[in-house]
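Please read them with the structure open.

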Amino acid sequence: MPEHFMGVDLGSTTAKTVIVDDFGGIVASEVVQMGAVSRAGLSRSVDAALHSAGLAESDIAQTIATGYGRRLVPGSGRTFTEITCHARGVAAMCPGVRLVVDIGGQDSKAIQVDDEGIADNFAMNDRCASGTGRFFDVLARAIECDIAELSELALNGGKDLEVSSMCATFAETELISLLAAGERREDIAASVHRAVSARMAGLVAQVGKRSPVVMTGGVAKNTAVVRFLEEALRETITVPRWPQITGAYGAALLARDRGEPRTQSPDTETDERATLVTSGAAPSCSTCGVPETVEPSADHPILPIRPV
């Protein structure tokens with residue numbers, strides 16, 4: 001009987017599970033929307049993927065976990081950060097990719113990828129909900145529409161309004177003020193999408209723009225975000241057929257490799273690099289911005305993204 005391998009990505013708002021065969025082909029996948037890092041959502045995602053594949057948990061040769069809640073995944077052999085797993089998964093789905101833009105429920109990432117599917121460099125904004133799925137939930141609530149309607153509204157907006165607050169905490173008040181001033185919902189939605197894309201382009205600038213560009217994460221299903229980001233980067237952006245499972249897919253491929261990500265470093269060291277890249281004083285809600293890379297010092301050396 002052929003062996004099967006599982007990757008689990010327990011994120012901030014969704015649990016993703018992917019099962020692959022010996023050849024790396026996807027046998028089953030499942031995405032479950034949930035509360036914050038939910039164990040119940042995790043169980044539903046794993047159970048549904050196993051059921052879809054016609055497998056029992058004992059049929060899985062190895063499991064690797066990633067995401068915010070990766071250490072909560074029972075039975076995982078090893079864990080890797082989202083950076084490692086997204087790079088591997090996207091490189092397998094979209095061969096030749098050189099830049100991954102990932103916007104999830106509560107964070108955003110820009111990852112440079114080499115020709116072997118290894119992350120060369122990355123920048124991550126995980127201290128502010130600006131531009132993430134949560135931020136678009138705020139927008140939908142403010143203009144009283146379903147989250148699925150946002151993209152169409154934004155694409156029909158023509159007026160470029162000034163949206164000064166990109167903080168999820170305060171943006172709702174500003175958006176309501178724009179509505180009270182008589183501005184159209186379409187123009188508000190378009191202006192917010194445009195502002196989010198400009199901020200994401202700033203994150204990309206930290207690692208350096210490369211081409212081809214692939215966008216992943218739940219927000220990648222918002223066609224307006226993709227279009228405005230293409231304009232901001234002046235690049236064509238590819239969205240995989242299943243943009244939410246790339247991290248779990250990468251984890252499953254690493255499990256197939258028996259947990260050896262070729263020349264990439266293990267989870268603990270990658271965690272330290274991620275902390276250094278996004279550390280520094282946490283921005284306040286009124287002045288939040290994309291975190292800047294920490295300058296090296298005697299107390300805080302900058303570790304290389306790849307072993308040297």
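1. A residue is called buried here when its relative accessible area is under 20%, and exposed when that area is over 50%. The model is a predicted one. On that basis, helix α5, residues 171-180, has Ala171, Glu174, Leu175 and Leu178 as its buried residues. Viewed down the helix axis, these buried residues of α5 fall within an arc of 100 degrees, so they line one face of the helix. An α-helix has 3.6 residues a turn, so positions three or four places apart point the same way. Thr173 and Ala180 are exposed and sit on the face of α5 turned away from the buried side.

2. What packs over that buried side? The cover over the buried residues of α5 includes α3 (133-142) and α6 (185-207). Just after α5, Gly182 takes a positive phi of about 95 degrees.

3. The largest nonpolar core has 41 residues, of which Val101, Leu139, Ile143, Ile188, Val192 and Met215 touch the most other members. At least two residues of this core come from each of β6 (99-103), α3, α4 (150-155), α5, α6, β9 (213-216) and α7 (223-233). The largest share of the core, 10 residues, is supplied by α6.

4. How many aromatic pairs are there? The count comes to one aromatic pair. The ring centres of Phe135 and Phe136 are 6.3 Å apart and their planes are at 85 degrees, so the pair is edge-to-face. Both Phe135 and Phe136 are buried. Elsewhere, Arg227 lies over the face of Phe228, at 6.0 Å from the ring centre.

5. Phe170 is in the loop between α4 and α5. Phe170 is partly exposed, with a relative accessible area of 44%. Phe170 and Val138 are 32 residues apart in sequence, while their C-alpha atoms are 9.6 Å apart in space.

6. Some backbone features deserve a check. The peptide bond joining Ser211 and Pro212 is cis, with omega of about 5 degrees, and Pro212 is placed in the loop between α6 and β9. Glu144 is not a glycine, yet has a positive phi of about 55 degrees. Glu144 lies in the loop between α3 and α4 and is exposed, with a relative accessible area of 69%. Arg234, also not a glycine, has a positive phi of about 55 degrees. The place of Arg234 is the loop between α7 and β10 (237-238), and Arg234 is exposed, with a relative accessible area of 76%.

7. On confidence, the protein averages a pLDDT of 81, and 79% of the residues score at least 70. Over residues 268-308 the pLDDT stays under 50; for this stretch the model has 68 contacts beyond four places in sequence. Where pLDDT is low, the predicted coordinates should not be read in detail.

Notes
Residues numbered from 1 in each chain as written. Predicted model: local features only at pLDDT ≥ 70, side-chain atom pairs only at ≥ 80, totals over all residues. Heavy atoms only, no water. Phe/Tyr/Trp six-rings, centres within 6.5 Å; stacked < 30°, edge-to-face > 60°. Buried < 20%, exposed > 50% of the residue type's maximum accessible area, 1.4 Å probe, protein only. Lys NZ or Arg CZ within 6 Å of the ring centre and 35° of its normal. pLDDT = per-residue confidence, 0-100. Contact = heavy atoms within 4.5 Å. Helix = DSSP H or I, 4+ residues; strand = E, 2+ residues; numbered from the N terminus. Arc of directions from axis to C-beta. Core = buried A, V, L, I, M, F, W, Y, C linked by side-chain atoms within 4.5 Å.
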